[in-house]
Amino acid sequence: MNTPIRRIAIAVMALILLLLGNLTYVQVVKAGDYRDDPRNQRVLLAEYARKRGQISADGQVLAQSVETDDRLKYQRQYTDGPAYSPLTGYYSVIYSSSGIERYADPVLNGSDDRLFARRLSDLITGRDPSGGNVVLTVKPSVQERAYEEMSKKGYEGAVVALQPKTGEILAMVSTPSFDPNPLASHSSGTQQQAWKADNNADPATLPNRAIDQTFPPGSTFKLVDTAAALQNGYTPDSQLTAAPNITLTGTNTTLENYAGTQCGTGQTASLREALARSCNTAFAQLGGELGADKIRAQADAFGIGRSDLSIPMPVTASGVGDLPDTAAVQQSAIGQRDVRLTPLQNAMIVASIANGGQTMAPHLIKEVQGPNLDVIDTTEPDRLGRSMPAGVASTLTDLMLGSEARTSGGGKITGVQIASKTGTAEHGTDPKNTPPHAWYVAFAPANDPQVAVAVLVENGGDRALEATGGSVAAPIGRAVIAEALRGGQ
Amino acid sequence: MAAPESTAARPGGANGREGGPVLPTGRTIELLLLVFAAVIVTGALVLVEANQEQELTPTLLYVGLAYLVVLTLAHLAVRRFAPYADPLILPSVALLNGLGLVMIHRLDLADQDRAALLGQPVPDSLVFKQILWTAVGLALFIAVLWRVSDHRTLARYGFTCGLVGLVLLALPGLLPSSISEVNGAKLWIRVGGAGIQPGEFAKILLIIFFAAFLVQKRDLFSTAGRRFLGMELPRARDLAPLLVAWGLSVGVLVVERDLGSSLLFFGILLVLLYAATERVSWMLIGLGFFVIGALIAYQLFGHVQVRVQVWLDPFSDYENRGYQIAQALFGLGTGGVGGTGLGAGRPDLVPFAESDFIWSSLGEELGLIGLASILVVYLVLITRGLRSALAVRDSFGKLLATGLSFAVALQIFVVIGGVTKLIPLTGLTLPFLSYGGSSLVANYALVAMLLRISNAARAPLTRRPAAPAVPIADAGTELVQRPAVGPTTGPLPGPTGGRP
């Protein structure tokens, strides 16, 4: 009976070898696939146990991890949460993360390649691995001023301030905003309650209006028309119609100036005057004359339509929509119909003009630091493309000074020349009876631009149907510019 | 009865039987290995505590002490009741059981974390229950060693064991689902909070029965039938027992919806039949039956089809049926070669991580290296059991030891193969590692029997030192008898060992 027992023993060893072979296949050959499968939460969950890096701006800590005595070890804390949450985002055990917390996660959790040497030394010395730090380009004073201006009147909307020469984002505000602190709580009850409240909030608090949503730009889009016109044979003195209303080519639809007024005093108005007075009929005519291709080409040159922009949060693509016929171009030329821009995109347009036609890539991360605050990477300014020659930009700046001179609203800064354009964009199914979006895009000082801003106040702010870009958005824009310039840039 | 190979299989074994120096019992080696196992388990526990940043709680201290007490008592019981037992079997079991306890404790911590995070009440400590079951297992272990002083007595109760085993096996299937069904398989008898899986005990009783039956009827099965392709086929009428066993397995599969047990019973029976008859034709016929049974089961039963589909592609139904196996694979893959370290992974993401899927939990945190080591420990346990089967002198002992060892081997193959997607998943537990009272207690009884058989295999033919040798010239003529093994029977062998 021993021969079969020996054979059985050999068979058992064969079975064990089979198991070992299969284990090798699973844990060595296929290990990478399994580990990196998006449905495998293990890697993500391991991060919660590590000390996460901090997010700071200009020496001010915006988000940091502090040690706790509970089992999750580290608790995320945000200073001045709502003002900065469109930047920092939240970091929640249950609800994942957003903003910089999400898109700079490899740095913050320590897995980024730039931290490799550091990780290696952690491994050798047995130190607990900890994440790197992210320093933002934001100026806290500008950010806080912008948030205060928007929130004190309960405005819905967004403010973006850029350094036009580098593309650094100096401020990015979205209101109403949310407080990321309860979402980072280690009590699931607090997390769930906050998440529910944030998701049910009306108006919504979680989206970052500056980059997540697009809005009709209204008359601010006339800067695009003007830039195209100046490169296609028009001069500031080219004459356009001054009629209070026109009928769109090939239709019965009429298009009229704001409040149905004549554009200036003459039968025709110069391009300079049309931009200063923001005459719809003149720009509809101009758009029709330039045609869809040239408008679209100019829009593309400003970056409109790009879907690959990230700051590092992905920026929703702006767009001019379909332009099937002249009437569509005429409507789109005044920033209506299907033209939709993010506030960041609108800021990029004025920043490009301010920078002599050179569009810089907007970015939020100034530096990446190791856990010891030693700088391991600095973001270099990156050119996105040229929107117009420097001479055209200079002419356009001159025209925008004219626009600023005609813009009402408070907050003008003595001694500082602002180049600007306002917009009052109709929207909704019943545009005439829906409070319009108020826009203000500007840069200053005009001769040596240090800051470019875009301000959007949705649904008329506190002026309802009477709202205009000048009356509602402009004071905020000027306040932000004043704050940015006060910083001694 | 005594096979001539038995002594040759163990070099040096003849020494003791020749009345030379006292045969080493191996108890010192066993003690040292037990200490070694305790050190490894303590080290594993320290790692878990360090990685989870825990402080030593009184409960854990008691569990640890209880584990050490269990090891000590088991060792003392072996010293007392089976002094010549194989010294590697008990340490292997101690190591597996200890690692199981550590992993269950580690998963307890994860459950507590989750409960704290979700604001739910603290769940029961499973490791505490498991150590209680270990104590029960120890009691049965000692009882078997004490009461069964000679394994051959078990042969006398062969048919009783068979009957009781059948009843235990069938009982959950016949009871109403409210008592017997857990997660779709009717394997339980649950009264109040506690439950046992009688199938685990039935497994051992049926192995005793098969061994006793086959020894009795061995000649019958060896009777040659026709020759076919160089094999001697058994006569058709001798197939009846095989058919009965096959029917039993299918019955388990249909009534209790338990693929694993069904496979296990049939496999063990086939191997015993082969060991008893030494004829490969039985195995092939049995495998033929298995294939037919598997095909029929696949055609008829939805749950078998589901198991097979999940096996083929667990990710196609990731959200539902494939979730468990997919998570197990994620865990194993994340662990990779070296593992995340004990207490540093997330094995709790796999449902039933502490019972059916403890293998993937260990694989995630100990890696391929750890799993291979544990497999080697199992291999030591199984081969020492088979070694005892080779060395023991009676056929019943041989068959019983083979059956018990192979039961462990087949069970770990079915479970580990299922968890690692080598074969379709079945609902069985890993002996000594998995959380589960019945499995643990029954396997302690199994090991006690293996130790009993190995004791018979290694012990000198007499318990007492050989009587002072009578000079051969002075000795009266006596009939030299074939020796009977064990302490109970047999005349004293003479100085020459009384070997025929």
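The model is predicted: local features need pLDDT of at least 70, side-chain atom pairs count only at pLDDT 80 or more, and totals for chains, interfaces and linings use all residues. Residues are numbered from 1 along each chain as its sequence is written, and chains are lettered from A in the order in which they are written.

**Contact between the chains**
- Chain A contributes 34 residues and chain B 45 residues to the contact (C-beta atoms, placed from the backbone, within 7 Å).
- On the side of chain A that touches chain B, α1(A) gives the largest share, 18 residues (helices are DSSP runs of H or I, at least four residues; strands are runs of E, at least two).
- This side of chain A divides into 18 nonpolar, 9 polar and 7 charged residues (Asp, Glu, Lys and Arg count as charged; Ala, Val, Leu, Ile, Met, Phe, Trp, Tyr, Cys and Pro as nonpolar; the others, Gly among them, as polar).

**Chain B**
- Chain B has 19 helices and 6 strands.
- Of its 500 residues, 50% count as buried (20 or more other C-beta atoms, placed from the backbone, within 10 Å of a residue's own).

**Strand β7 of chain A**
- β7(A) pairs antiparallel with β8(A), residues 169-175, over 6 bridges (pairing needs at least two DSSP bridges); A:G157 has A:T175 as its bridge partner.
- β7(A) also runs antiparallel to β19(A), residues 451-457, joined by 6 bridges, with A:V160 opposite A:A454.

Key: Two residues are in contact if their C-beta atoms, placed from the backbone, lie within 7 Å. A residue is buried if 20 or more other C-beta atoms lie within 10 Å of its own, exposed if 12 or fewer, and partly exposed in between; C-beta atoms are placed from the backbone.
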